[in-house]
Amino acid sequence: MEQKNNKQKTRVIVMAGARMKEVKKRGKKEWVFPLIIKKTKEGKLPVEVSGGDIRMRAVSIIYQGYLKSKRPNENLLILVTGGREKSGHSRSFQAKKKLVKDYNIPREIIKSLGGKGSTLGNVKAVFSFIKKNKKLFSQIKEIEIVTNDFHIIRAWLMFSFESYKLSRNKNLKIKNQDIKKIKKILDKSLGQSTYKEAMKKIESIMKPYLSQLSFKVKPIIAENIIASSGLIGKVYREFIIRNKWFQKTRKLEKKGIIDFLNGRYK
């Protein structure tokens, strides 16, 4: 019994990848992860809501909490995903660099995974890492996904579906009646300040589908983590939520979620 308690445990946090842009600071070029990035090509919106810096702030708060409540023999592993910019620069590499330099998280506990520049690309990169590190993940019961409020539901579903595929060796299919329930929840929550309650309701619908998996996927809303850090965090969170592009992005996210559940996501 004593040996069992002394077994090494690892907590895994995945930070979803985000767009970045290069800016000049004090005469030097530096990669930053802003909330909003103007698109250079025509798209569904003239700007892209990204929010990578918000995710990093949240991860740093989680890390500080981990240090305070660290249990014996417990390790933390942070997996950073993200594709490449047109220049060839890796988003996951630059995100890791920023987490180390600006947020004082030890380099050795962060793994830059790369991947293609999409949520599905993030998912593939993470699960490729899991498959290559079966021994480590045989002891892990869940992975935590940190991303922005507007992105949390789609990201959580995509990671959960991949976890199902890994555990059952087949694709997960959702009943039409359940997809309709999820669509109703999303319709009602579009005008709300956070997807927190919607996330809980969708988790409840998905629970029967996601039982008995090798590990579950735990969603963590970055803005809520920031808001829990104090008054400044709450003000910052409200500033983000009330941004007009944030709300417009949510509508596109809703379509993406329903398309994904129906198997027609591209």
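Before going on, the model is predicted, and local features need pLDDT of at least 70, side-chain atom pairs count only at pLDDT 80 or more, while totals for chains, interfaces and linings use all residues. Residues are numbered from 1 along each chain as its sequence is written, and side-chain values use heavy atoms, with hydrogens and water left out.

Back to arginine 91. This residue lies in helix 3, residues 91-103. Helices (H or I, at least four residues) and strands (E, at least two) are DSSP runs, numbered from the N terminus. Is arginine 91 buried or exposed? Arginine 91 is buried, with a relative accessible area of 10%. Buried means under 20% relative accessible area, exposed over 50%, and partly exposed in between, with a 1.4 Å probe and protein chains only. Not counting residues up to four places away in sequence, arginine 91 touches Ala18, Arg19, Met20, Phe33, Gly82, Gly83, Arg84, Glu85 and Gly117. Touching, or contact, means heavy atoms within 4.5 Å.

Now to helix 6. Helix 6 covers residues 152-168, helix 8 covers residues 196-206, and the two pack at an angle of about 25° with their axes 11 Å apart. That makes helix 6 roughly parallel to helix 8. The axes are lines fitted to C-alpha atoms, for helices over the stretch in contact, and angles run from 0 to 180 degrees between N-to-C directions. Angles under 35 degrees count as roughly parallel, over 145 as roughly antiparallel, 65 to 115 as roughly perpendicular and the rest as oblique.

The crossing of helix 6 and helix 8 is right-handed. The rule is that a crossing is left-handed if the near helix is turned anticlockwise from the far one by less than a right angle, and right-handed if clockwise. Which residues meet there? From helix 6 they are Ile152, Ile153, Trp156, Leu157 and Phe161, and from helix 8 Ala198, Met199, Ile202, Glu203 and Met206. By type, the residues of this contact are 9 nonpolar, no polar and 1 charged. For that count, Ala, Val, Leu, Ile, Met, Phe, Trp, Tyr, Cys and Pro are nonpolar, Asp, Glu, Lys and Arg are charged, and the others, Gly among them, are polar.

Helix 6 also packs against helix 11. Their axes come within 9 Å and cross at roughly 20°. So helix 6 is roughly parallel to helix 11. This crossing is left-handed. Helix 6 contributes Ile153, Arg154, Leu157, Met158 and Phe161, and helix 11 contributes Glu253, Gly256, Ile257, Phe260 and Leu261. The residues of the contact divide into 7 nonpolar, 1 polar and 2 charged.

One more residue in helix 6 is glutamate 162. Glutamate 162 counts as buried, at 12% relative accessibility. Outside the four places on either side in sequence, glutamate 162 touches Val123, Lys124 and Phe127.

Helix 11, residues 244-261, also meets helix 7: the axes come within 10 Å and cross at roughly 175°. That makes helix 7 roughly antiparallel to helix 11. Ile179, Ile182, Lys183, Leu186, Asp187 and Ser189 in helix 7 are in contact with Arg250, Lys254, Ile257, Ile258 and Leu261 in helix 11.

Take lysine 183, in helix 7. With a relative accessible area of 35%, lysine 183 is partly exposed. Leaving aside neighbours within four places in sequence, lysine 183 is in contact with Lys254 and Ile258. How far apart are the C-alpha atoms of lysine 183 and isoleucine 257? They are separated by 8.6 Å, although the residues are 74 residues apart along the chain.

Last, two loop residues. Asparagine 169 lies in the loop between helix 6 and helix 7, and has a positive phi of about 60° although it is not a glycine. Asparagine 169 is exposed, at 70% relative accessible area. Glutamine 212 is in the loop between helix 8 and strand 9. Its phi is near 60°, a positive value in a residue other than glycine. Glutamine 212 counts as exposed, at 72% relative accessibility.
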